[in-house]
Amino acid sequence: MKLVSYRVNQRETYGVYVEKEQTIWNLQALEESATGERTLPDTLLEAIASAAELTERVKQWMEAAGEGEEKAAAVSVKEVEWLAPIPRPSKNIMCIGKNYRDHAIEMGGEESVPTELMVFTKAPTAVIAANESIPAYEELSNALDYEGELGVIIGKKGKSIAKEDALDYIFGYTIINDVTARDLQKRHKQFFLGKSLDGTCPMGPWIVTKDEVEDPHNLDIETKVNGEVRQQSNTKHFIFPIDDIISTLSKGMTLEPGDVIATGTPAGVGQGMNPPGLLKSGDTIEINIEQIGTLSNKVQ
């Protein structure tokens, strides 16, 4: 199931994207048609946090919906403004650095390969939707770079989560482009400013619920810039798998529903090329992850 956030008639809401019909079923309307009442909150972030077993409930409502209810709850994708699935996360996006050995080597050699989880964050204000423009920031940076990544959305609250239980805390998966101003990153001797410029965290176009992904550790990932393949790998090459990431992050820090984790990028970033293949105004970045979809954005 693909869950999306969108704006229609100047109102932000959320629903299930049905690709075959090119429609979105509004979940609040679908719930009302199935149960006679509306209990779901107004945003997908709140729904993930408050609605226990949301995925199972939505499936039941969709299966029970008749033709009349379906039409009443559905809207054509042509009529909506797509948003990031979580347009404004309640916390910083948690990012895992150098989680593919080949990327670590291209950025700093063998000695750069981490032996412990490397964590940094991006500000919530960096988040934008699929097909929304990434600002070129020509006045601030001449080293804007792309990083295609699998995003993990947490589905339930947890702390000190055992590794063997960690995958049970996942709600679903999305795609993240961890756009980075490499020169700001180097100048300020840390990652936050170079990672947190407004519009430098494209996310989406949807959240695929975890039941639709058989094995998150065996997904092909590919990034293209203007049609040229720059990154091509598979999540089986993670240094730190997702269960390890969740367990480590939760040691001393509470993970909550709607928290977003970017799991790291493979080799092939612009900074690692010779000469560097950094982004410029007019460039289009497409990130495709198997079983998830394609996230596309243009720099301008």
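The legends below describe close-up views of a predicted model.

Local features require pLDDT of at least 70 and side-chain atom pairs count only at pLDDT 80 or more, whereas totals for chains, interfaces and linings use all residues. Residues are numbered from 1 along each chain as its sequence is written, and side-chain values use heavy atoms, with hydrogens and water left out.

**View A. The largest nonpolar core comprises 53 residues.** A nonpolar core is a set of buried Ala, Val, Leu, Ile, Met, Phe, Trp, Tyr and Cys residues joined through side-chain atoms within 4.5 Å; buried means under 20% relative accessible area, exposed over 50%, and partly exposed in between (1.4 Å probe, protein chains only). Ile-246 and Ile-261 have the most contacts inside this core. Elements supplying at least two residues each include strand S1 (2–8), strand S10 (148–154), strand S13 (201–209) and helix H8 (242–249). Helices (H or I, at least four residues) and strands (E, at least two) are DSSP runs, numbered from the N terminus. The largest share of the core, four residues, comes from H8. A second, separate core of 35 residues includes Tyr-14, Trp-25, Leu-27 and Phe-171.

**View B. Helix H8 is largely enclosed by the rest of the structure, because six of its eight residues are buried.** The buried positions of H8 are Ile-242, Asp-243, Ile-245, Ile-246, Ser-247 and Leu-249. These residues pack against S6, strand S7 (119–122), S10, S11 and strand S16 (260–262). Leaving aside residues up to four places away in sequence, Ile-246 is in contact (heavy atoms within 4.5 Å) with Ile-154, Ile-161, Ala-166, Ile-170, Leu-255 and Ile-261.

**View C. The largest pocket holds about 330 Å³ of space.** On a 1 Å grid over the protein atoms alone, a pocket is an open set of points where a 1.4 Å probe fits, with protein on both sides within 12 Å along at least five of seven lines; lining residues have an atom within 4 Å of a point. Grid points are joined across faces, edges and corners, and the volume is the space filled by probe spheres set on the points. Of the 19 lining residues, Glu-53, Leu-54, Glu-56, Ile-170 and Phe-171 are the closest to the centre of the pocket. Helix H2 (44–50), helix H3 (54–64) and S11 give two or more residues each to the lining. The lining has nine nonpolar, four polar and six charged residues, where Ala, Val, Leu, Ile, Met, Phe, Trp, Tyr, Cys and Pro count as nonpolar, Asp, Glu, Lys and Arg as charged, and the others, Gly among them, as polar.

**View D. The second largest pocket holds about 240 Å³ of space.** Its lining consists of 17 residues, with Lys-98, Met-107, Arg-182, Gln-185 and Phe-191 nearest the centre. Helix H6 (182–187) and helix H5 (101–108) each contribute at least two lining residues, and H6 provides the largest share, three residues. By class, four lining residues are nonpolar, six polar and seven charged.

**View E. The structure holds 15 salt bridges.** A salt bridge places a side-chain nitrogen of Lys or Arg within 4 Å of a carboxyl oxygen of Asp or Glu. Arg-57 pairs with Glu-31, their closest N and O atoms being 3.8 Å apart. This pair links distant parts of the chain, with Arg-57 in helix H3 and Glu-31 in helix H1 (residues 27–35), 26 residues apart. Arg-57 is partly exposed at 27% relative accessibility, whereas Glu-31 is buried at 2%.
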